[in-house]
Amino acid sequence: MNQYWFYILDGERHGPVEPEEMLRLVRDGRLGPDDLVWNPDMGDEWLPVSKVPALSVAPLSAAPGTSPVRGATPNARLMRQALASLRGRWATAVGAALLYGVITNGLSVASEFGGESWKAAGTLLDLIVAFFISGPMAFGWSRFFLLTSRRENPDLKHLFDGFKLYWKTIGATLLMILFIGLALIPAFAAGVVGAVGLAMLDDTALFPLGMVLFLVLMLASLVPAVVVSLNYSQVFFVLSDQPRLGPATALSRSRSLMAGYRWKYFCLGWRFFGWLLLGILTCGIGLLWVSPYIMTTHGRFYDDIRMPEEDLP
């Protein structure tokens with residue numbers, strides 16, 4: 001592969017580029033398997049990356065000259081790979097975000113514009129949605145963008161795949177709520193102790209110091225809940241790949257996958273802070289694009305840390 005390469009991206013022709021640069025574009029996910037490439041050895045025919053053996057052997061999550069290493073892909077590259085996966089799939093992804101938002105948040109938003117009776121009914125419906133619908137919908141949301149991250153073409157009906165595993169998704173959701181709730185007990189205790197302490201220091205010179213200590217104590221007490229949340233962040237991805245697992249086993253598998261990668265996932269979340277802020281500043285409209293970007297990146301993260309022996313559908 002010693003010829004210069006050309007490629008077509010977003011309808012524009014680029015090149016020539018060196019062979020090493022071409023491999024890097026594939027590894028980074030900037031060129032997807034359906035993007036057209038050409039070099040003089042190929043005659044007059046442009047071919048997709050997936051049909052060119054010299055390029056298809058370049059693993060997306062490996063650095064040049066190395067074999068793929070579990071969890072080794074930098075977060076910035078995962079984000080680029082997510083954008084590459086979304087190329088040509090944005091319309092369906094935004095449609096999925098809109099449909100998911102309407103189903104999971106539509107009732108609570110509508111209740112805010114009604115009278116007291118409608119608000120009471122909206123609160124009741126919110127509880128019903130939270131218990132009976134949120135788990136299956138969260139599974140469908142995760143599965144849709146896991147397939148998207150793998151450059152498949154899921155349709156909107158995949159958002160409802162969780163209802164095929166209804167009791168498993170409900171069980172997994174309840175277990176996660178239980179474990180996160182238990183992890184919040186230190187925060188609750190710290191809040192009570194801090195409130196009592198601040199009340200005793202009220203109108204004293206030590207009150208500002210007490211307030212600082214209280215905030216530090218609260219932040220420290222939230223660490224267990226954050227760790228538990230990170231542990232179980234991959235549950236629905238795991239169930240998507242292995243639907244025969246029970247809820248408890250799926251939680252255990254997620255915890256095993258996240259061992260050693262919690263900090264990386266935490267930092268990945270912070271990379272989207274600016275995007276989320278931008279989405280909020282656009283009255284939530286921008287979130288229709290930001291949410292698919294985040295979820296597709298999370299799908300790439302899952303595949304990056306997924307153990308080699310994990311079964312795919």
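Is Arg-151 buried or exposed? At 12% relative accessibility, Arg-151 counts as buried, where buried means under 20% relative accessible area, exposed over 50%, and partly exposed in between (1.4 Å probe, protein chains only).

## Before we start

This is a predicted model, in which local features need pLDDT of at least 70 and side-chain atom pairs count only at pLDDT 80 or more, while totals for chains, interfaces and linings use all residues. Residues are numbered from 1 along each chain as its sequence is written, and side-chain values use heavy atoms, with hydrogens and water left out.

## Around Arg-151

Let's stay with our opening residue. Arg-151 lies in the loop between helix 5 and helix 6; helices (H or I, at least four residues) and strands (E, at least two) are DSSP runs, numbered from the N terminus. Phi of Arg-151 is near 65 degrees, a positive value in a residue other than glycine. Most residues other than glycine have a negative phi.

Ala-84 and Arg-151 are 67 residues apart in sequence, yet their C-alpha atoms are 8.5 Å apart in space. Ala-84 belongs to helix 3 (residues 75-86) and is buried, with a relative accessible area of 4%.

## Other backbone features

Asp-203 also has a positive phi, near 65 degrees. This residue sits in the loop between helix 7 (185-201) and helix 8 (207-221), and at 76% relative accessibility Asp-203 counts as exposed.

Gly-15 and Pro-16 are joined by a cis peptide bond, with omega about 5 degrees. Pro-16 is part of strand 2 (residues 12-17).

## Salt bridges

The structure holds seven salt bridges, each a side-chain nitrogen of Lys or Arg within 4 Å of a carboxyl oxygen of Asp or Glu. One of them pairs Asp-241 with Arg-150 (2.9 Å, N to O). Asp-241 lies in helix 10 and Arg-150 in the loop between helix 5 and helix 6, so the pair ties together parts that are 91 residues apart in sequence. Asp-241 is buried, with a relative accessible area of 4%. A network of salt bridges links Arg-150, Asp-241, Asp-303 and Arg-306.

Glu-21 and Arg-24 form another salt bridge, with their closest N and O atoms 2.7 Å apart. Both residues lie in helix 1, three residues apart, about one turn of the helix. Glu-21 is partly exposed at 28%, and Arg-24 is partly exposed at 31%.

## The largest pocket

The largest pocket has a volume of about 640 Å³. On a 1 Å grid over the protein atoms alone, a pocket is an open set of points where a 1.4 Å probe fits, with protein on both sides within 12 Å along at least five of seven lines; lining residues have an atom within 4 Å of a point. Of the 25 lining residues, the closest to the centre are Ser-229, Ser-233, Tyr-265, Met-295 and His-298.

The lining divides into 19 nonpolar, six polar and no charged residues. Here Ala, Val, Leu, Ile, Met, Phe, Trp, Tyr, Cys and Pro count as nonpolar, Asp, Glu, Lys and Arg as charged, and the others, Gly among them, as polar. Elements that give two or more residues to the lining include helix 5 (116-149), helix 6 (166-183) and helix 14 (287-305).

Technical notes:
Points joined across faces, edges and corners; volume = space filled by probe spheres on them.
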